[in-house]
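I am opening my notebook on this protein to write down what I looked up, going from the whole chain to single residues.

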Amino acid sequence: MKFCRTVLLLFLLCLVSSPAAAYTITEFCADGYAEGDGDEYFILEGEGSLAAWTVTDGEGTISFGTESGHVVVARNAELYYEIHNAYPDLEIVDSTPNVPNAEVSKKFQMANTGDSLTLKKNGIPVQTVSWPEDVANGNGRVHRFENGVWDKRVYKIGQSDFKPETFPAEKVTLFVSPDCSHEVVTGVIDNADESILISMYEFTSVSLAESLADAERRGVEVILIMEGGPVGGISEEEKGVLNYLSRAGADVYTIESEGKLPARYRYLHTKYLIADETVTIVLSENFKDSGIPESGLGNRGWGAAVEDREVARYFTKVFEADLAGYDIYPWMPGTEPLPEVSAGEGATVIFKPKTIANCKITPVISPDTSHLVGDALKKTKYSLDIQQAYISHYPDSRNPWLSAAVRAAEAGADVRIQLDGMYYNTDSEADNDEIAAEINQMGRENLHAKILTDRDGILKLHNKGFIIDDELVLISSINWNYNSPTNNREAGLLIESEDAAEYYTRVFTYDWEGVVLDNPASAAVGFDIRFLLAGVIIAGFVVLYVWRRRR
């Protein structure tokens, strides 16, 4: 009899957990944007009939009748539609004849700050999620269950969910600001024949605006998405540039909060361009005279132009997802004129562009795949060079990427971290100089931090990149703070290539030590040309000596 009871129990457990009949709460939002949280919802996913399944919040219970598969249950279908532009499968309150009502007993409504959902089959609990115990509550916060884990990333209503992809690229042009970014960016714009898509945080460069207007006039479709509420607001200079581009025929849009709906991302902080669905430029710099300087005097930043249709297609999908959002508004031209062009201060060009072949490219999109940055840092074996505008700790914890860099040093890797030295990054009591001191006070011979304060032609360090193990490079717009990887829209590239690592290591070493300042030609060829000249002179003396002895 005991054996029979055991077999029966195992049989019942198999019924509950059978893949063919299993359901899971895969997503829910308890605190939506609609009035009275009418857009709150949960999603069930599985196979087979839902007749035996129920969901309860501890007060009310929802049953499903003949529903099956992927089922979205919202409180109010019309309010859900206003936010998501799609109707749910079932609604709890009767708002529209377009959506059937769920079977509800008692009152079912998820509380914002603390509640729970329990999924049952035949009255037996199968899954429970509680907040704030299991997930953090928050307005507009969507909770997702993937691979047995809740909330692997912070996700809010309307945000995208791109997955990591890696592409082989036959041709990539590497470049840096202030030295050679302008020639690469304008070269791509000037050679475009069909389309140019730009996603940018700030745009005040007159020369780039004029290049885009020329492209529009020769029939190239130009579309821009701009941050509508940058820190300090949109400047008069940027308004003039956007007015000029709009009147030249470009389609200009801003992403911003308006009314009851906050923007999907804290900031659109991206800096990328896609030309002719073929070339993708990703960089750390905004389209400003300091970021893409025509004079050669400006910020230190890194960039890359990738000639690959698959990479371009990936970034085009990101662009289109951002352009399709509820928080996108067409730019309305005002009276602000195009800024006057200043001659600017000239500077010595140390580094020239370099084109490499046969490397691997992995796009990094924040907040979707920004975890790739931390994943790469954790794999560091013997060397790590980091160059960041600034690093700050998280509100309730240390910066996890900085912690990963420190752990790499503790495991034996040589780690160098360089930060910007401008006053606004060193004035407060917890910014770059304190971070650098904290790192150096650890007393490790293989872990060092420096503040960049004086390099010829460089106004400030605005980069957001690293080089790992002489083979992996990050080029990105992602700052090392809490919001940038978590709440902002950002873009970057992980480039797997020894050639790329060598190029940016030379730039990093110049910024770190200034070793090539007196000999710019050496930087362009990748080694100190003085040694070559010395070798030629010595060889000449040897040949002359041998010739005389034989006479």
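The entries below follow the order in which I looked things up.

**Entry 1, the whole chain.** I noted at the outset that this is a predicted model, and I then looked up the secondary structure, where I found 13 helices and 30 strands in the protein chain. I read that 53% of the 551 residues of the chain count as buried, and that the chain exposes about 25000 Å², of which carbon and sulfur atoms supply 51%. I also looked at how far apart in sequence the touching residues are: among contacts between residues at least 6 apart, 73% join residues at least 24 apart.

**Entry 2, a sheet.** I asked myself in which order the five strands of the open sheet are arranged. Reading across the sheet, I wrote down β7, β4, β3, β8 and β9, with antiparallel pairing. The edge strands are β7, at residues 103-105, and β9, at residues 124-131, and each of these pairs on one side only. I also noted that neighbouring strands in this sheet are turned against each other by 20° on average, with direction ignored.

I then followed strand β8, which covers residues 115-121 and pairs with β9 in the antiparallel sense over seven bridges. Going along this pair, I found Leu117 opposite Val129 of β9, and I found that Lys121 has Ile124 of β9 as its bridge partner. Two residues lie between the strands of this hairpin, and Asn122 takes a positive phi near 55° there.

Leaving aside neighbours within four places in sequence, I listed the residues in contact with Thr173 as Val184, Gly303, Ala304, Ala305, Pro353, Lys354 and Thr355. With Thr355 there is also a polar contact of 3.1 Å, which joins the side chains of the two threonines.

Last, I turned to helix α7, residues 371-378, and wrote down its buried residues, which are Leu372, Val373, Gly374, Ala376 and Leu377. I asked which elements these buried residues of α7 pack against. My list holds the strands β23 (359-366), β24 (383-388), β28 (464-468), β29 (472-476) and β30 (490-496), together with the helix α8 (400-410).

Terms used: Residues numbered from 1 in each chain as written. Predicted model: local features only at pLDDT ≥ 70, side-chain atom pairs only at ≥ 80, totals over all residues. Heavy atoms only, no water. Pairing = 2+ DSSP bridges. Helix = DSSP H or I, 4+ residues; strand = E, 2+ residues; numbered from the N terminus. Axes fitted to C-alpha atoms, helices over the stretch in contact; angles between N-to-C directions. Polar contact = N/O pair within 3.5 Å; in protein donor to acceptor, adjacent residues only side chain to side chain. Contact = heavy atoms within 4.5 Å. Buried < 20%, exposed > 50% of the residue type's maximum accessible area, 1.4 Å probe, protein only. Areas by Shrake-Rupley, 256 points an atom, 1.4 Å probe, with all protein chains shown as cover.
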